[in-house]
Amino acid sequence: QVQLVESGGGLVQAGGSLRLSCAASGRFFGINSMAWYRQTPGKQRELVAESTSGGVTNYADSVKGRFSISIDNSDDTAYLQMNSLKPEDTAAYHCYALIKLTSWATAYPFWGQGIQVTVSS
C-alpha cells in the first residue's frame, strides 16, 4: 500500500518561512511527478506547485518567486519551501503524486491526508 505522509506545517507570522515535506512509502516502481495543492473551506482545491521526477516545475502565479518545489529521488520525498508567506497562503496543503506500481503499469494518483499551514498577520 502506497502512502504519502506530509510534515512541516504549522503557524507562522507573515513574512516567515516554512518547509513542507511529503514522503512516499510502500511498494512501488517509481514516481513520475509530485505536487502540492491547497484548499480553504468553501473553495476548490488549487494547484500550488508541481514537479516531474526530472525536475521540470510549474507554479501557481500567486506563489511564483516565493515557493520552490523539489523532489529528492533518493528517498522519494517532495519538498515545498515557502518563503515570504502571506495570510492568504493559509490553507490545508495536500501532497499529490503520480506513482507507477510496476514498470509496465500506468501511473496512479495518490493523495496525502493534508497538513495545515496558518499564516498570521
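This is a predicted model: local features need pLDDT of at least 70, side-chain atom pairs count only at pLDDT 80 or more; totals for chains, interfaces and linings use all residues.
Which residues touch the most other members of the largest nonpolar core? Residues are numbered from 1 along each chain as its sequence is written, and side-chain values use heavy atoms, leaving out hydrogens and water.

Overall, the protein chain has zero helices and 11 strands (DSSP runs, numbered from the N terminus: H or I of at least four residues for helices, E of at least two for strands).

Now, back to the core. Leu4, Met34, Trp36, Leu80, Met82, Tyr93 and Ile99 touch the most other members among its 32 residues. By nonpolar core I mean buried Ala, Val, Leu, Ile, Met, Phe, Trp, Tyr and Cys residues joined through side-chain atoms within 4.5 Å, with buried meaning under 20% relative accessible area, using a 1.4 Å probe and protein chains only. Strand β9 gives the most, with five residues.

Take Met82 as an example: leaving aside residues up to four places away in sequence, its contacts include Leu18, Leu20, Phe67, Tyr93 and Val117 (heavy atoms within 4.5 Å).

Let's finish with a sheet. Four strands form an open, antiparallel one in the order β1-β3-β8-β7, where pairing needs at least two DSSP bridges between two strands. Its edge strands are β1 (3-7) and β7 (67-72). Strands β7 and β8 (residues 77-82) share six bridges in the antiparallel sense, and Asp72 has Thr77 of β8 as its bridge partner.

Key
Buried means under 20% relative accessible area, exposed over 50%, partly exposed in between (1.4 Å probe, protein chains only).
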